[in-house]
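Trainee: I have a model open and would like to learn how to read it. Could we go through it together?

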Amino acid sequence: MVAFSLPNIKEFTSHLLLLDTFDNFSFIEGEIMTFNTFKIDGFIQKDFFDTDADLPEYSPWKNVREYCFSLIKGKRTPLSFRFIFSLSSKNIRQLTEQSGLPLRPEEVRGLYLNIHYDGAKLSCVTGTSFKSFNMDKTLEHGWDEMVEKFLRQKGIEFEKM
C-alpha cells in the first residue's frame, strides 16, 4: 500500500472526469457529496441485460464517468467525493504473470485505487486484496510501482505521503 497526495486538484479531476485516463479501470463504488450524497455501486446487475454474454463483475469507469461528472459539474465544488477502482481482470492477469509469482490471477480479489477528495485535499491510496491469506508482498509492491509509473506517464502531479 502506498499513499499519494495529488496537489493539482483541477488537473487530476480533469483526468478523472473529462479524459479517458481511468476508463479501463473497473469501477467498484463511489460517493459524491454535493447538495445530496450520491452513492453508486459499480456491481453490474446482469439480470438487466438481454444477453447471455460474459459480462464483467463491475462496470468499467468509462460507463459511469459521465454520470459522475454530471453530479459534480457546476459552479460549486463538491463537498467531497471518493471512488474505488480496481485494475481490470485482464490487467490483473498480466501483472501476476509479469511478477513471476506462483500465484494464479483467480487468487487476487483486486488491485485497488482509492481516490478521496475531502473538500480541500485530494489523495490516492493503493490496495491489494487476495481471496486467501498471502504473505508474499511481491504483487503488492509491483502494483504500487505500476500506479506510480501510470501517474507519471499520464503527467499527473503527485507526492508520496
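Mentor: Gladly! Let's begin with burial: a residue is buried under 20% relative accessible area, exposed over 50%, and partly exposed in between (1.4 Å probe, protein chains only). In this chain, buried residues make up 43% of the 161 residues. Please keep in mind that this is a predicted model, where local features need pLDDT of at least 70, side-chain atom pairs count only at pLDDT 80 or more, and totals for chains, interfaces and linings use all residues. Residues are numbered from 1 along each chain as its sequence is written, and side-chain values use heavy atoms, with hydrogens and water left out.

Trainee: How many helices and strands does the chain have?

Mentor: Helices (H or I, at least four residues) and strands (E, at least two) are DSSP runs, numbered from the N terminus. Here there are four helices and seven strands, and their order along the sequence is β-α-β-β-α-β-α-β-β-α-β. The chain's radius of gyration is 16 Å, close to the 15 Å that the globule rule gives for 161 residues, so the chain is as compact as a globular protein of that length. That radius is taken over C-alpha atoms, and the rule is 2.2 Å times the number of residues to the power 0.38.

Trainee: Which residues of helix α3 are buried?

Mentor: In α3, which spans residues 89-99, they are I92, L95 and T96. Looking down the axis of α3, these buried residues fall within an arc of 100°, so they line one face of the helix. The arc is that of the directions from the helix axis to the C-beta atoms. K90, E97 and Q98 are exposed on the other side of α3.

Trainee: What covers the buried residues of α3?

Mentor: For this we need contact, meaning heavy atoms within 4.5 Å. The cover includes β4 (80-86), β5 (108-117) and α4 (138-153). Just after α3, G100 takes a positive phi of about 75°.

Trainee: Let's look at V147 in helix α4. Is V147 buried or exposed?

Mentor: V147 counts as buried because its relative accessibility is 2%.

Trainee: Which residues is V147 in contact with, leaving aside its neighbours within four places in sequence?

Mentor: Those residues are F4, L113 and T126. V147 and F4 are 143 residues apart along the chain, yet their C-alpha atoms are separated by 9.9 Å. For the chain, among contacts between residues at least 6 apart in sequence, 67% join residues at least 24 apart.
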